[in-house]
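User: Before we discuss particular regions, I would like to have the model in view. Please take me through its architecture step by step, giving the criterion behind each term.

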Amino acid sequence: MMEKRKYRLGDYEFDTYEEYLEAQEDLKKIDLITEEVDINDVDVAARLYTRIRNKEIVFHSKVGINFFMYLSDIVANHSMLMMEEKKAQEDLKEKNRKKAKKYRLAGVICVLAAVACFGYFAYTDYLEEQTALEMKRLQDMQNMTGAYIKEEAFSEETNQADNVQDTDETTNVSEQADAEEPEQLPDILPEYQEIYEENHDLVGWLEIDGTVINYPVLQSDTEEDSQFYLTHSFAKKKDKNGSLFMDYRNDFVDRDTNLIIYGHNMKSGAMFGTLKKYLEKGYLEKHPIIRFDTIYEHGTYEVIGAFLSEVSYQDEYTFRYYNFLNANNQSEFEAFCVNVMQLSALKNGTLDAKYGDQLLTLSTCSSYTEDGRMFIIAKRIK
């Protein structure tokens with residue numbers, strides 16, 4: 001088996017050429033900065049640190065992250081020295097032993113608190129940067145692989161057309177073989193094969209044009225693990241952003257009537273942080289299309305409504321939109337449409353859906369009320 005090629009830049013090693021190019025761009029930025037200013041000057045380092053935190057200067061690789069951490073160390077070390085000098089001055093002025101002891105203790109606590117706070121924010125920034133880099137890597141994997149799908153599909157259709165045999169004998173043998181083999185899952189789409197190998201909880205990919213929503217969708221197998229991806233990333237690491245995840249009860253292979261996907265309403269706009277914009281006038285008309293692929297098939301959906309609700313307690317007899325997964329008959333489907341329209345935030349008359357439509361619900365938290373929920377519903381159009 002051929003060893004996977006590595007790309008090196010100084011002491012850094014990269015798995016992909018794209019990462020290598022990003023590192024080169026980051027290195028150019030760093031060279032320009034160090035030519036213009038002395039980064040070892042505390043004031044300069046503090047300004048650079050603030051600009052990087054505020055995304056005025058953006059890095060995309062571990063070269064840039066390490067540069068950011070170097071600036072953090074300079075500022076942190078300076079803060080510690082300043083605090084130590086202040087403590088020493090207070091100790092000299094204070095002659096009373098009890099007061100001196102109290103001031104020394106207070107100084108130590110302040111130093112530790114300052115260092116701890118600074119370290120926490122620096123580490124938090126680092127983790128967020130790592131999460132962003134990881135998501136970009138997954139998006140690149142999905143995009144780069146998907147670019148070859150049409151060409152591969154065309155080649156496959158051509159080969160099939162060249163090899164078609166229409167004899168009754170061949171057909172009968174094939175039918176007998178199919179009857180004997182157990183039912184198998186369809187093949188995973190090419191653009192999701194490598195991503196699925198990294199995490200077998202992957203069930204699909206969700207994207208809405210013109211928004212930041214462009215994420216993998218995961219699913220836990222059991223009720224006990226159903227909330228796992230509220231607090232964990234695709235890599236199953238602790239992450240305050242969590243991940244997009246499908247209701248554990250949903251069957252996306254033998255397709256349920258309504259697939260429900262949950263995600264955090266992050267202030268940064270990550271995950272489903274921009275979903276609330278569907279409550280704004282005209283936003284739906286500008287962003288009506290959702291692309292949701294399962295790992296087995298592509299899907300395009302049209303948004304047909306935005307809604308506000310709240311989580312109900314177990315003993316309350318009320319309509320729970322998040323419990324509608326399947327309609328066994330037309331009456332059940334129509335009852336859902338009537339009930340859900342009572343929650344409409346857009347004041348539509350009726351839900352533009354009919355029995356037999358495949359629905360997709362995207363659900364997130366909302367602060368409009370305690371335990372509030374905001375969700376949109378889309379129907380599959382192809």
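User: How many helices and strands are there in the protein?

Analyst: This is a predicted model, in which local features need pLDDT of at least 70 and side-chain atom pairs count only at pLDDT 80 or more, whereas totals for chains, interfaces and linings use all residues. Residues are numbered from 1 along each chain as its sequence is written, and side-chain values use heavy atoms, with hydrogens and water left out. Helices (H or I, at least four residues) and strands (E, at least two) are taken as DSSP runs and numbered from the N terminus. Counted in this way, the protein has nine helices and 10 strands.

User: In what order do the eight strands close into a barrel, and by how much are neighbouring strands turned against each other on average?

Analyst: Two strands are taken to pair if DSSP finds at least two bridges between them. With mixed pairing, the eight strands close into a barrel in the order β3-β4-β5-β6-β9-β10-β8-β7. Axes are lines fitted to C-alpha atoms, for helices over the stretch in contact, and angles run from 0 to 180 degrees between N-to-C directions. With direction ignored, neighbouring strands of this sheet are turned against each other on average by 30°.

User: Which residue in β5 stands opposite V217?

Analyst: Strand β4 (residues 214–218) and strand β5 (residues 244–246) run parallel and are joined by two bridges. Within β5, the residue that stands opposite V217 is L244.

User: How many residues lie between β7 and β8 in their hairpin?

Analyst: On one side, β7 pairs with β3 in the antiparallel sense over four bridges, with T294 as the bridge partner of G204. β7 and β8 also run antiparallel, joined by three bridges, and I290 stands opposite Y301 there. These two strands form a hairpin, and the number of residues between β7 and β8 is five.

User: At roughly what angle do the axes of α1 and α3 cross?

Analyst: In the contact, A23, D26, L27, I30 and I33 of α1 meet V63, G64 and F67 of α3. Taking Ala, Val, Leu, Ile, Met, Phe, Trp, Tyr, Cys and Pro as nonpolar, Asp, Glu, Lys and Arg as charged, and the others, Gly among them, as polar, these residues divide into six nonpolar, one polar and one charged. The axes of helix α1 (residues 17–36) and helix α3 (residues 62–93) come within 7 Å, and they cross at roughly 35°.

User: What kind of aromatic pair do Y321 and Y322 form?

Analyst: Rings of Phe, Tyr and Trp (its six-membered ring) pair if their centres lie within 6.5 Å, with planes under 30 degrees apart counted as stacked, over 60 as edge-to-face and the rest as tilted. A search of the whole structure finds 17 aromatic pairs. For Y321 and Y322, the ring centres are 5.2 Å apart and the planes stand at 80°, so the pair is edge-to-face.

User: Is Y321 buried or exposed?

Analyst: With a 1.4 Å probe and protein chains only, buried means under 20% relative accessible area, exposed over 50%, and partly exposed in between. Of the 382 residues of the protein, 39% count as buried, and Y322, at 16% relative accessible area, is buried. Y321 has a relative accessibility of 3%, and therefore counts as buried.

Terms used:
Contact = heavy atoms within 4.5 Å.
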